[in-house]
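This report is an introduction for a reader who has not seen the structure before. Please look over the sequence and the model first.

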Amino acid sequence: MLPQLLNGLRMLDLSDDRGAMCGKIFVDLGAEVIKIEPSSGCPTRRIPPFLDGEAGEDRSLYFLAHQAGKLSVTANLDSPDGRAVVRDLAAKADFIVESLPAGYMDSIGLGFDALAGANPRLIYAAISPFGEDGPGRDYKAYEAVSWAAGGMMFLMGEPGRPPLQMSLPQAGLHAGAEAAIASLLAHFARQRDGRGQRIVINMQACIVWTLMNEQAMPIMHGDFLRRQGVYLGSPKLRRKFVFRCKDGFVAMMITGGAVGSRSTRRLVEWMDEKGFAADWMKHQDWSAWTPAVFMALNERDLRENAEMESSVERFFSTMTKHELYSEGARRGVLLGPVMSAADTAADEQLAAREFFVDVDHPALGRMIRRPGAFAKFSRTPLAPPRPAPRLGEHNAMVYGSLLGYSAERIAQLRASGAI
Amino acid sequence: MRRYALEGVHVLDFAWVGVGPITTKYLADNGADVIRIESAARVDVLRVSPPWRDGQPSSINSSQFFASYNTSKRSLALDLSKPRAREIALRLLPWAEVVVESFTPKVMRNWQLDYERLSALKPDLVMLSTCLQGQTGPRASFAGFGQLLSALSGFYHISGYSPDEISPPYGAYTDYVAPRFAACAVLAALDYKRRTGIGQHIDLAQYEAGLQFLAPALIDYFTSGRVLDARGNRSDRYAPNGAYRCRDEDGIERWIAIAVADDREWAAMLGVLGASQDPRFVTMDQRFAQSDELDSFIGALVRERSAEDLTTELQAAGVAAYPVQSCLDLHRDENLRAFDFWHWLDHKEMGPSPYEGLQHRMSRTPGELRSAAPTLGQHSDEILGEMLGFSSDEIAELKRERIVY
């Protein structure tokens, strides 16, 4: 069997929920990721909800999901001995990722300059909510705040009701994954000349990047989009793209033109079979139907769009989302059911690809099913999934074998509260 | 002379729309030579999608949507439905280390440009194929947009005011999750190939990449049967948590996002808002339990305040807050400006136009938007002439026969 992609490379993870995904991706790619936790445990151990609803330092679902496969050591950054331990680890590391407040690592002598002095190969990624140069350098940003700052919150929700976040935090995952990309890019430069560097990841910018280029609209079209719930498009032509069905919702865009006319023609055929298509829909030249080009919008476009939407909704209400998904796929109608976690768990495509994996968690005395590899590699499959670590589970291995500390030294560090 | 992280990396990019081009943009902005092989017969959907220069779709080269995702690349326009066009594409294969494509699986097979054929010619090739649901399985050929996949993978279900009032994330959300994994996959596989000589094929289902961002909710379901539903701005960690309406500005609604994690932040927030402790909301447990009343309480306190000023005051007191920024606000945002996020690049047909910049900054080998996006076939002549040795007569002939554009 071939060694894994990043075999032999080591990352120190000093991040919280703003960076956990970075180390998780490195674990999947076969790197060794050492999570450095305070003796009270990484804050991500305390993120609710918990396994079976019971709190506990090994039971946070966030921790189980995004810290899986990492090694855990404890080191107290408030103690000089604890910092010395981290310095020793950094001397043997290829990457560091952290999401601590701006300037904190420098203030305790663990900033990039200090660590790179001893290890010029070090690649150091700092995740920052707003970058390090603006008025928001020291700002706090929890999920809703990053979602707002990056422009996504403004676009989510219905008019007349508050803007929304998603019900599962996302911003930190984008930042962490971006840190993984940046660290790998810097690795290419290091392969050339042996030198590392410092990288700043800007969380706000990461969210702006999710806006599907809507951010160029104010400049190019002179206006900006307001939240419109389940409607898309310009204020002049709101186009529904989430429809109710028998047991939930289905996403579909009623489009014409080069992109969508084939799907819409097939939809109309399908509706016609069940008696839901008006005559004009059957005779419409859908390839020429492009009300998305709202500059050319006329009364007829508006009327036709409204009639299509109401007919589709009546039609969809006769079927379940699973029926719509299966039959839509068979007929080439572009639609997507709004699936819940329960639907995802039962999805036949994921089952056929053996996406979900069962991972033994000895500390919890059970197997836990979870999402598997983010991609399938033909020669070097991603690392087999491992459980998230218990707090300090790998102290002996890392401090003893890797750093070569004696048993006495480790006992002394433990006694003084450094580890 | 400036050196980029990926100098010397050569990429043949057959990808289109969102995920593929955003993935190769990471490579191009960091110095890789990325040649987009665009099918002139089946033009990239983004080239005909807004926003457009002057708000009008004047040509196939006037979409900023396309431009933003294709900086720093070159464009070779071929009609890949014709065998001679595919021969030209294959003549670039020895030059390329990486091939990227994002069609449904049958497209590259029909063109005889799939991994089996390409790797037979070039065994150490690194190739990424990314489609919505993966190269295998009963839904491998599922076609559609990222919006549909965002619904399908579960993001819509957890967005909204309640399970019956969903209100999705804007746009094709998974198109902005999957490239992060795709870029990592390509970079790690390329590094491996350079060290070991072993190339490979990467099958990245945008579905499976997206689900990584939902992992806690899936584990919750598998272990307890609990299904996470849309729940407005309710949070497991913060109370209050959400968006609160402030004073309108220029006739436009302004809102502020506030999230409070503990009693210290709560006290600081009350101080800034000039409110005294309310017996209903003293502890986190109380604030979680009475979140509707809590939202009304805060809503009344901030309604006449300026979102900007309140942000400054709350953050100075250690409370997480920020104005809910519109796309217009983002262009005036002081923090994005300080990060030098926005760039104006001079596009061959569009002239100066606004591009979003990079999401990270490297101290020693920073990437940058090296050039505006190419027009369709902007580099056809130079690629055919300088790289493949076609004479100008031959190129003219290929264009007459509509093999090259």
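How far apart do the C-alpha centres of domain 1 of chain B and domain 2 of chain B lie? The answer is 41 Å. The model is a predicted one.

## Domains

In chain B, the domain assignment gives domain 1 as 10-213 + 343-400, and domain 2 as 241-332. For chain A, the assignment gives domain 1 (10-209 + 354-415) and domain 2 (230-345). The centres of domain 1 of chain A and domain 2 of chain A, taken over C-alpha atoms, are separated by 42 Å.

## Contact between the chains

Chain A contributes 127 residues to the contact, and chain B contributes 122 residues. On the side of chain B that touches chain A, 73 residues are nonpolar, 35 are polar and 14 are charged.

Strands also pair across the two chains. Strand 6 of chain A (residues 197-202) runs antiparallel to strand 14 of chain B (residues 360-362), and 3 bridges join them. In this pairing, Ile201(A) is opposite His360(B).

## A sheet with strands from both chains

An open sheet is formed by 7 strands in the order 14(A)-8(B)-5(B)-4(B)-1(B)-2(B)-3(B), with mixed pairing. At its edges stand strand 14 (376-377) of chain A and strand 3 (73-78) of chain B; each has a single partner strand, so one side of each is left without a neighbour in the sheet.

Two helices of chain B lie across strands of this sheet. Helix 1 (residues 19-29) of chain B lies across strands 1, 2, 3, 4 and 5 of chain B, and runs at about 150 degrees to strand 4 of chain B. Helix 7 (residues 178-196) of chain B lies across strand 14 of chain A as well as strands 4, 5 and 8 of chain B, and its angle to strand 5 of chain B is about 165 degrees.

## Strand 5 of chain B

Strand 5 of chain B (residues 126-131) pairs with strand 4 of chain B (residues 98-101) in the parallel sense over 4 bridges. Val98(B) stands opposite Val126(B), and Val99(B) stands opposite Met127(B). Strand 5 of chain B is also joined to strand 8 of chain B, in parallel, by 6 bridges. There, Thr130(B) is opposite Leu204(B).

Val126(B), Leu128(B) and Thr130(B) point one way from the strand, while Met127(B), Ser129(B) and Cys131(B) point the other way. Because 6 of the 6 residues of strand 5 of chain B are buried, this strand is largely enclosed by the rest of the structure.

Definitions and conventions: Residues numbered from 1 in each chain as written. Chains lettered and ligands numbered in written order. Predicted model: local features only at pLDDT ≥ 70, side-chain atom pairs only at ≥ 80, totals over all residues. Contact = placed C-beta atoms within 7 Å. Nonpolar A, V, L, I, M, F, W, Y, C, P; charged D, E, K, R; others polar. Pairing = 2+ DSSP bridges. Domains from an automatic or database assignment. Axes fitted to C-alpha atoms, helices over the stretch in contact; angles between N-to-C directions. Buried ≥ 20, exposed ≤ 12 C-beta atoms within 10 Å, placed from the backbone.
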